[in-house]
Amino acid sequence: MTNKKPHDSNLIIACYKRVRKLHKTNIIFHTLQCYKLVSENSYYVESLLVLKEYIQARSKRSDSSDRYVKELSSLQKTISLSSRLQRRSMKENDEHPTSVNFDNYIDKVDHDRQSKDLVTSKTKELRQKIKKPPKSASIQCRYEQSGFCRSKNIRHHKHRCKYKHIYPVLPTEVTSFKKEALFPGHVEYDNLAIKFYKTMHHSHLPNLAFPSAKLVNIFKISNLYLKLKFEERKQYLLSKSKNTDERKLYHGTYSSMHRNVFKKGFIVPPDYEPNPRCPRSGKLSISICGASCSYCTQPHRRHGGCHMYGLGVYFFDRAAKSHHHVREPTIVKNNVCQFKMIVCSVLLGKPYVIDKDLAHEDQMHDKILAPYGHDSIFVPGRKDSSADLGVRRSEFVIFHPFQALPTHEIIYEIPLHLCGPHHKPVS
């Protein structure tokens, strides 16, 4: 590289002043182009340092020094790159040049500017195609209580939750339980047996009594973590409604689901049907999969008398009514079917009372929560109630899994010829 006569260092300052009057953006870039034309590429790095000192002095005298920050930042990058170019030239030529040709630098800056504009335009196009996530996705869900949000297993409802959840799954997924057998003479056993026989054998309504039912065994269920969540929910209802209205109620379901209930608690039904091909929910009447299941995608439709008062967990104060919902009995000797039923402590809080028949069958089927200001639904039984639009035995519906705590499992027997068609035994 040939050495050239050094130009006046004030030349670059003059270029800077001239460019600043003509341009409002990219001042440093245009200053370098102007300086390139008049300086013949001499003393480039030294001139940049002079310009840096001039801008720093000017920013200190000016009241609005923020506008010089970008210029100094851009200039510093230029100085760093020019120094590298100068050092590279010194290594290649084994000499100490007095000036540096920065034509390559200007070409590089032009290329970088074009590349940046291209990337920016493509990024804007891509952002327009990609749907932006809602701002609520970064906000903690205010409806998540005790680690449960009702909308986690909702696909088709308009009130599907889009907020961030602390627990991606229920906090009881990794818990364990203990099962202890009770015997006659124990206080808990005797109290449960008396109430079971009273609500199972006697009824003033036809088809709602099973006098031949025989109690076989009672087991006590203990799940410390599930009980902790139950007490947490109780404290919440006390602070909200000043009343928990705790009751001992019966719940009937598939016998194969008992272990899952004892370990994880109750599963609030989703708004989609179980797919027969689903390995987890294929054999059940409701899906126990989350909203991410690729099998269970069809919307839930009412069939028979299921979920008349909403997609919640149903409980009963009479064992005979709960017996109609028990599934998968086992056949023992002498043509006798053995059934299993769950006894629970249920928190009703402030229940919404429905003391009349519905207007039509699907009036409340799609409800996923209790009515506003209430914690559950209570439907008192009425003798004159319609078979399709009301109930003759009381029902209790909750929509939060930790409002119910399974405490006991009752095993009882009924002769095979008295079992209904929905009580299909399993081998």
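Asp 357 and Arg 382 pair through their side chains in a salt bridge, at 2.3 Å from N to O. Asp 357 sits in the loop between β7 (351–353) and β8 (376–379), and Arg 382 in the loop between β8 and β9 (395–398), so the bridge ties together parts that are 25 residues apart in sequence. The model is predicted. Across the whole structure, a search finds nine salt bridges. The cavity count is two, each of 30 Å³ or more.

**Salt bridges**

- Asp 357 counts as partly exposed, because its relative accessibility is 28%.
- Glu 231, Lys 234 and Glu 246 form one network, joined by salt bridges that share partners.
- Glu 188 and Lys 220 meet side chain to side chain in a salt bridge, 3.5 Å from N to O.
- Glu 188 belongs to helix α6 and Lys 220 to strand β2 (residues 214–222), so this pair links parts 32 residues apart in sequence.
- Glu 188 is partly exposed at 26% relative accessibility, and Lys 220 is partly exposed at 28%.
- Asp 245 bridges to Arg 247, with the closest N and O atoms 3.3 Å apart.
- Asp 245 has 22% relative accessibility and so counts as partly exposed; Arg 247, at 32%, is also partly exposed.

**Largest cavity**

- The volume of the largest cavity is about 40 Å³.
- Its lining includes both Asp 357 and Arg 382, the two partners of the 2.3 Å salt bridge.
- Among the other lining residues are Tyr 309, Ile 354, Asp 355, Lys 356, Val 379 and Pro 380.
- Ser 385, Gly 390 and Val 391 also line this cavity.
- By class, the lining of the largest cavity holds five nonpolar, two polar and four charged residues.

**Second largest cavity**

- The second largest cavity has a volume of about 30 Å³.
- Its lining consists of Leu 192, Lys 195, Lys 248, Leu 249, Tyr 250 and Val 343.
- Helix α6 (187–201) and strand β3 (246–251) each give two or more residues to this lining.
- β3 supplies the largest share, three residues.
- Four lining residues are nonpolar, two are charged and none is polar.

**Arg 58**

- Arg 58 lies in helix α3 (residues 44–61).
- Its relative accessibility is 25%, so Arg 58 counts as partly exposed.
- Beyond neighbours within four places in sequence, Arg 58 contacts Tyr 16, Arg 20 and Tyr 68.
- Tyr 68 is 10 residues from Arg 58 in sequence, and their C-alpha atoms are 8.6 Å apart.

How values were computed: Residues numbered from 1 in each chain as written. Predicted model: local features only at pLDDT ≥ 70, side-chain atom pairs only at ≥ 80, totals over all residues. Heavy atoms only, no water. Helix = DSSP H or I, 4+ residues; strand = E, 2+ residues; numbered from the N terminus. Buried < 20%, exposed > 50% of the residue type's maximum accessible area, 1.4 Å probe, protein only. Contact = heavy atoms within 4.5 Å. 1 Å grid on protein atoms, 1.4 Å probe; cavity = no way out; pocket = protein on both sides within 12 Å on 5 of 7 lines; lining within 4 Å. Points joined across faces, edges and corners; volume = space filled by probe spheres on them. Nonpolar A, V, L, I, M, F, W, Y, C, P; charged D, E, K, R; others polar. Salt bridge = Lys/Arg side-chain N within 4 Å of Asp/Glu carboxyl O.
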